[in-house]
Amino acid sequence: MKTQKAANGILAVFFTIMLLLTLFAEDLYRLTLPKVVTETVLRRPFPYEKTDMEGNPITVEQLEVAVPLGVLTGNRVYVLIRTESGTFVREREVTTGKIESGYIEITEGLRSKDKIVVGSDRALTDGAEVLETEWNEQILLHGQRETQPEKEISSPYFRNGMRNNVCYAVGIAVITAVLVFLCKKFLKRRLRFLQTPVLILWCVLVCFFLRKNLVIPGEWIPEKLIDWNGWKENIKQFRI
């Protein structure tokens, strides 16, 4: 009898995990993808010195391919590439020219209408699959840390998010304990078979809730998600 109960419990846990992985497989995968903000490369006016027909120097404006100054890392930039298998970033070497109004001229390496990465929530690598998104707090914070590595930068967004995560965990644990108690108290004998479906439904509802409300810094994903030392290191970094 005890062996049968243990087997039923293991089977219930197995099917619960499989159900959750089936429902949230895409969300878990998207969670591991770097979030990037992109901008379409446009032609912008740059001043050039020329001479008129009489030989006098004049300044004229020409439209040239240009990108924001902060986008370049040395002489390289990340370009967004869309394929049938997904969206990726490719590191591309460029040749630069004049600087004007926060933009730098690109003489070689980019074309007008190319999409370049202007922000991300973590460090990128050549060929990485990414998720295109809008500006958010994680991307802004990562950009500040990249441009000001010597300065300690913290964020109320992460502090509040981690505090909320703890509240969610405590609340879910309490409700789960109460739910288990009620199931054992009221779902007895002939209704005992309902205990497992009720708890599985509760797990699914919890996962839907956490998917919308859980805050996980991009720097923690995916390599450090299962690395306890990485978690401790990042907790210190984020001043939580």
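# Close-up views of a predicted model

**View 1. The whole chain and its fold.** The secondary structure of this protein amounts to five helices and nine strands, where helices (H or I, at least four residues) and strands (E, at least two) are DSSP runs numbered from the N terminus. Along the sequence the pattern reads α-β-β-β-β-β-β-β-β-β-α-α-α-α. The radius of gyration is 27 Å, well over the 18 Å that the globule rule gives for 240 residues, so the protein is more spread out than a compact globule. That radius is taken over C-alpha atoms, and the rule is 2.2 Å times the number of residues to the power 0.38. Along the principal axes, the C-alpha atoms fill a box of roughly 105 × 40 × 25 Å. This is a predicted model: local features need pLDDT of at least 70, side-chain atom pairs count only at pLDDT 80 or more, and totals for chains, interfaces and linings use all residues. Residues are numbered from 1 along each chain as its sequence is written, and side-chain values use heavy atoms, with hydrogens and water left out.

**View 2. Surface and contacts of the whole protein.** The accessible surface comes to about 16,100 Å², and 59% of it belongs to carbon and sulfur atoms; such areas come from the Shrake-Rupley method with a 1.4 Å probe, and for residues only the protein chains shown count as cover. Buried residues make up 31% of the 240 residues (buried is under 20% relative accessible area, exposed over 50%, partly exposed in between; 1.4 Å probe, protein chains only). Among contacts (heavy atoms within 4.5 Å) with a separation of 6 or more, 60% are between residues 24 or more positions apart.

View 3. Met 18 sits in helix α1 (residues 2–32) and is partly exposed at 38% relative accessibility. Met 18 also belongs to a nonpolar surface patch of about 810 Å², whose other members include Leu 11, Phe 14 and Leu 31. Patches are made of residues with over 30% relative accessible area and no salt bridge; like charges are joined within 9 Å, nonpolar side chains (Val, Leu, Ile, Met, Phe, Trp, Tyr) within 5 Å. Thr 16 is found in helix α1 too, but is buried, with a relative accessible area of 11%. Leaving aside residues up to four places away in sequence, Thr 16 touches Ile 200 and Cys 203.

View 4. Tyr 48 has Val 60 of β3 as its bridge partner. Five residues lie between the strands of this hairpin, and Gly 55 in the turn has a positive phi of about 90°.

**View 5. Arg 76 and Glu 93.** The structure holds six salt bridges, each a side-chain nitrogen of Lys or Arg within 4 Å of a carboxyl oxygen of Asp or Glu. In one of them, Arg 76 meets Glu 93 with the closest N and O atoms 3.6 Å apart. Arg 76 lies in strand β4 (residues 76–83) and Glu 93 in strand β5 (residues 86–93), so the pair ties together parts that are 17 residues apart in sequence.

View 6. Glu 132 and Arg 82 meet in a salt bridge of 2.2 Å, N to O. Glu 132 lies in strand β9 (residues 131–132) and Arg 82 in β4, so this pair links parts 50 residues apart in sequence. Glu 132 also bridges to Lys 115, with closest N and O atoms 2.9 Å apart. Through shared partners, Arg 82, Lys 115 and Glu 132 join into one network.

How values were computed: Pairing = 2+ DSSP bridges.
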